[in-house]
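Student: I would like to go through this model term by term. For each label, I will ask what stands behind it.

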Amino acid sequence: MLDESQVEEVYRRLAKAMPGRTANAKGPKGQPDAFRSCISCMLSAQSLDRNTAKAVKALFALARTPEAMLALNDERIAAAIKPCGLYNMKTRNIRSFCTALLEEHGGIVPDTREGLLSLPGIGRKCADIVLSFTFGKDVIAVDTHVHRVANRIGLTEAKTADRTAQQLEARSPNWAMRDGHFWLIQFGKRVCVVRRPKCEVCPVSDLCEYYAANVQDAATN
Ligand code: SF4
């Protein structure tokens with residue numbers, strides 16, 4: 001893994017090269033409220049963005065609050081969210097989530113990681129997405145792009161996104177916490193893409209562990 005000063009240098013360069021958090025970053029994909037953000041994130045598991053969006057739209061056309069959601073029977077929920085797959089399991093999760101939200105939090109989505117993680121169906125990724133996007137907290141939420149980029153460069157050394165999130169939080173400088181997610185995700189979409197990362201135009205290639213092990217080595221052999 002990179003040392004502290006190298007991690008800082010990576011963030012400094014990414015900050016110059018990539019856009020950070022913008023004013024409209026509140027509410028992922030147009031999700032304006034915390035309840036909707038939680039449900040949306042739960043439905044996004046193993047689903048393409050466009051299918052998740054369809055499912056969220058159909059479900060919120062039927063119910064917009066935890067009380068209204070619980071008034072629906074399972075069949076109606078499942079039918080609405082069918083486009084995003086795993087709909088029976090996700091229906092159970094929605095019901096458990098709404099029940100716990102009402103019983104333990106008075107129907108108000110908590111704005112702490114601990115509170116969010118106490119809710120059924122909310123894991124680290126969803127908790128961090130809601131904290132960052134809906135509550136505007138300085139949290140580096142880890143999705144597939146952030147996970148890939150962080151581990152290729154050597155900011156982290158982790159097999160799971162949750163471990164990557166823990167290591168990023170421990171190893172990132174404070175000043176990078178606000179925009180780090182945005183720099184890393186944009187970098188992952190534009191430069192350090194899944195297949196054939198564009199190492200030849202990468203601003204951090206001299207620091208990158210993947211580059212040293214795979215690209216530089218291959219060129220010198
Ligand atoms: S050098 Fe290549 S693998 Fe490393 S961060 Fe840049 S694009 Fe990604």
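Student: Which residues of α2 and α3 meet?
Tutor: R36, I39, S40 and L43 in α2 meet T52, A55, V56, L59 and F60 in α3. Two residues are in contact if their C-beta atoms, placed from the backbone, lie within 7 Å. By class, the contact of α2 with α3 holds six nonpolar, two polar and one charged residues. Ala, Val, Leu, Ile, Met, Phe, Trp, Tyr, Cys and Pro count as nonpolar, Asp, Glu, Lys and Arg as charged, and the others, Gly among them, as polar.

Student: What kind of model is this, and how are residues numbered?
Tutor: This is a predicted model, in which local features need pLDDT of at least 70, side-chain atom pairs count only at pLDDT 80 or more, and totals for chains, interfaces and linings use all residues. Residues are numbered from 1 along each chain as its sequence is written.

Student: What is the hand of the crossing of α2 and α3?
Tutor: The crossing is right-handed. That word applies if the near helix is turned clockwise from the far one by less than a right angle, and left-handed if anticlockwise.

Student: Is S40 buried or exposed, and how do you know?
Tutor: S40, in helix α2, has 25 other C-beta atoms within 10 Å. A residue is buried if 20 or more other C-beta atoms lie within 10 Å of its own, exposed if 12 or fewer, and partly exposed in between, with C-beta atoms placed from the backbone. S40 is therefore buried. S40 and T52 are twelve residues apart in sequence and 7.1 Å apart in space, C-alpha to C-alpha.

Student: What makes L86 partly exposed?
Tutor: L86 has 14 C-beta neighbours inside 10 Å, so it counts as partly exposed. L86 is in the loop between α5 (74–81) and α6 (87–105), and has a positive phi of about 45 degrees although it is not a glycine.

Student: Which label does R196 get, and why?
Tutor: R196 has 6 other C-beta atoms within 10 Å, so it is exposed. R196 lies in the loop between α11 (180–190) and α12 (209–220); its phi is near 50 degrees, a positive value in a residue other than glycine.

Student: What makes α9 mostly covered?
Tutor: Eight of its ten residues are buried, among them V146, H147 and I153. Just after α9, G154 takes a positive phi of about 110 degrees.

Student: How many residues surround the ligand?
Tutor: There are 13, and the closest are C192, P197, C199, C202 and C208. A residue is near a molecule if its C-beta atom, placed from the backbone, lies within 6 Å of it. The shell divides into ten nonpolar, one polar and two charged residues.

Student: How many helices and strands does the protein chain have?
Tutor: The chain has twelve helices and zero strands. Helices (H or I, at least four residues) and strands (E, at least two) are DSSP runs, numbered from the N terminus.
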